[in-house]
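The following paragraphs lead a new reader through the structure shown below.

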Amino acid sequence: MPTRIVIVDHDADRQRTLAAALRRGGHETVAAHSASEAFDRWSAERPDVMLVEADLPEVDGFALATRIRAQETPGTHLPILLLTDVGDTEHKVRALRAGADDLQVRPIHAAELSARIRSLLARYAPREAPKQATTEGQVHAYYGAKGGVGTTTLAINAAIALHRGMRRKVVLLDANLQFGDHRVFLDLGLDRRSIVDVVTSSSIDEDIIRSIVVHHDSGIDLLLAPPSPESAELVSSEQHHLAQVIAALRRMYDYVVVDVDSQLDDTSLDVVGAADALFVVMTADLSCLKNVRLVLETMKQLDASVDKVQLVLNRSNAFTGINVKTAESALRRRIDFQILNDYRTAISAMNSGSPFNAARSESPLSRAVLEMMRTVDRAEHPAQAVPRLVPLRA
Ligand SMILES: Nc1ncnc2c1ncn2[C@@H]1O[C@H](COP(=O)(O)OP(=O)(O)OP(=O)(O)O)[C@@H](O)[C@H]1O
Ligand SMILES: [Mg+2]
C-alpha cells in the first residue's frame, strides 16, 4: 500500500510542487493549509508521515508537532518532518524539542526528501497489520429502503472511512448489477474491468480477483458493476455468483462493503444472507418507513438475523415533518445512526468524482460517516479502538 503523506503548507505553489514530486515517487498525498486543518486530517485519516512548514501562520509547525505528540495514542508515533528556510542549530533544537523527528532545510531535493521519509518510516514501523490469511473479513451490505436515499453515497464513503480512519484493507463491491454507478461516483471509465470478468473466468478465486479489482486513489479497491445492463445477465443468481465472489473477497480484505440493489431479488438476498451487517439506509418519510418494516419482516421470514440490521437515517436533519422519535416509534426500534443533510457536499463530490471522505474529510458529513464506521469498527476490534481527539484551536 502506498505511503500516505500529509503536506502542511499555507503556500499553495510550494504545496503543489511538493505533492507532485511525492506522487511521482509513488506516495499518496493529502493537502492541509493550516495547523488546524492538518490536525483534523491527522485525526480523521491517520497518515503515515506529515511534512510541515515550520513557519505557518497562526499556529506554527512547532506547536502543531507538540500538540500531535500530546494527543497521540501510547504506542503510536506519527513521523513529523519540519520544512524550513532557516537551518541554524537553534531551529533544529527547537524542532526536536517540539516533538518533530527531523528538519529539512530548503531547497528541497526530491531524492534527499525521499531518503529522509524512508528512514523515518523504517524507524517508526507502519502500524497496519497485514491481513491474516486465517481471519475472514466482515461483510457490510448497504441496502436502500427505496431508491435515491443515498445508499451508494454512504457505501462509498463508509468504505473510504474504514480505510482512511481505521487503516483497514477494504474492497467495495457494486452489486447494482444493471445500473451500478460507482464508475460515475469515482470518475472511472467503462474500460475498467468488472465483476463480469471475475465470474466468466475459469474459477472465482483470489488470484483472478486480484488481477481485476481496480485500486482507487483513496486507497480502497473496487470491484465494479458490469459496464452495461446486458452484460449483467452473466452474473448468475442460480449459480450464486455474488455469494461466491463475496466469499473470496472476505478472505482477502478486512471489510467487504457491498452496495446492494434496492430490488430484493434472489441476487440481493444472497448478499443479505452473506452480510455480517446490513445497513438499511432510509430517509424520514412514510414510504421508507413502510419499506423498512417490510425489510425487517422479510428478514424474520427468511430466518435471517434481524440483529444484523443497522438502521441509518440519512439526511437526518432535513425537514420532512417526521422526526427521529416518530420514525423510531413507527418502526418500534431505534435508529442506529444518523447522517446529516448536506446536499452541497454530497452532490459536488458526486459531480467531481471525488468522494467527500477522501477529498473533504474535515467536512461535517465526512465526520458523521467516519464516526459511524468508528463505532462499528470499535465493536468488531475493541482492543484497537482509535480514541477521540480534542480539536486543535489556534
Ligand atoms: N447526507 C446527504 N445529504 C445530502 N444529500 C445527499 C446525502 N446523501 C446522498 N445525497 C444525495 O442524494 C442523491 C442520491 O444519492 P445516491 O445516488 O447515493 O442514492 P442511492 O440510494 O444510491 O440511489 P439509487 O437508488 O439511484 O441507487 C445524490 O444526489 C446525493 O448527492
Ligand atoms: Mg445507488
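Apart from residues up to four places away in sequence, N317 touches L340 and N341, where two residues are in contact if their C-beta atoms, placed from the backbone, lie within 7 Å. N317 belongs to the loop between β12 (309-314) and α13 (324-331). Helices (H or I, at least four residues) and strands (E, at least two) are DSSP runs, numbered from the N terminus. The residue N317 is partly exposed, with 14 other C-beta atoms within 10 Å; a residue is buried if 20 or more other C-beta atoms lie within 10 Å of its own, exposed if 12 or fewer, and partly exposed in between, with C-beta atoms placed from the backbone. Between N317 and T283 there are 34 residues of sequence separation and 9.8 Å of space, C-alpha to C-alpha.

This is a predicted model, in which local features need pLDDT of at least 70 and side-chain atom pairs count only at pLDDT 80 or more, while totals for chains, interfaces and linings use all residues. Residues are numbered from 1 along each chain as its sequence is written, and chains are lettered from A and ligands numbered from 1 in the order in which they are written.

The overall form comes next. The chain contains 16 helices and 13 strands. Its radius of gyration is 22 Å, close to the 21 Å that the globule rule gives for 394 residues, so the chain is as compact as a globular protein of that length. The radius is taken over C-alpha atoms, and the rule is 2.2 Å times the number of residues to the power 0.38. Along the principal axes, the C-alpha atoms fill a box of roughly 70 × 50 × 40 Å. Of the 394 residues, 43% are buried. Among contacts in the chain with a separation of 6 or more, 72% are between residues 24 or more positions apart.

Leaving aside neighbours within four places in sequence, A32 is in contact with V6, V8, E37, A38 and R41. The C-alpha atoms of A32 and V6 are separated by 6.9 Å, although the two are 26 residues apart along the chain.

D303 provides an exposed position. It is placed in the loop between α12 (286-301) and β12, and with 7 C-beta neighbours inside 10 Å it counts as exposed. D303 and G273 are 30 residues apart in sequence and 9.8 Å apart in space, C-alpha to C-alpha.

Helix α10 can be followed in more detail. At 1.5 Å a residue, the 12 residues of α10 (residues 241-252) should span 16 Å, and the 17 Å between its end C-alpha atoms agrees with this; the expected span is 1.5 Å times one less than the number of residues. Its buried residues are H241, L242, V245, I246 and L249. Seen down the axis of α10, these buried residues fall within an arc of 125 degrees, so they line one face of the helix; the arc is that of the directions from the helix axis to the C-beta atoms. The cover over them includes β6 (138-144), β7 (170-175), α8 (195-199), α9 (206-212), β10 (255-260) and α11 (266-274).

In α11, the buried residues are T267, S268, D270, V271, V272 and A274. Among the elements that cover them are β6, β7, α10, β10 and β11 (277-282).

H240, in the loop between β9 (221-223) and α10, has a positive phi of about 50 degrees although it is not a glycine. D187, in the loop between α7 (182-185) and α8, has a phi near 55 degrees, a positive value in a residue other than glycine. The peptide bond from R106 to P107 is cis, with omega near 0 degrees, and P107 is found in the loop between β5 (102-105) and α5 (110-123).

Finally, ligand 1 has 19 residues around it, of which G147, G150, T152, T153 and A346 come nearest; a residue is near a molecule if its C-beta atom, placed from the backbone, lies within 6 Å of it. Helices α6 (151-166) and α14 (343-352) each supply at least two residues of this shell, and α14 gives the largest share, 4 residues. By class, the shell has 7 nonpolar, 10 polar and 2 charged residues, where Ala, Val, Leu, Ile, Met, Phe, Trp, Tyr, Cys and Pro count as nonpolar, Asp, Glu, Lys and Arg as charged, and the others, Gly among them, as polar.
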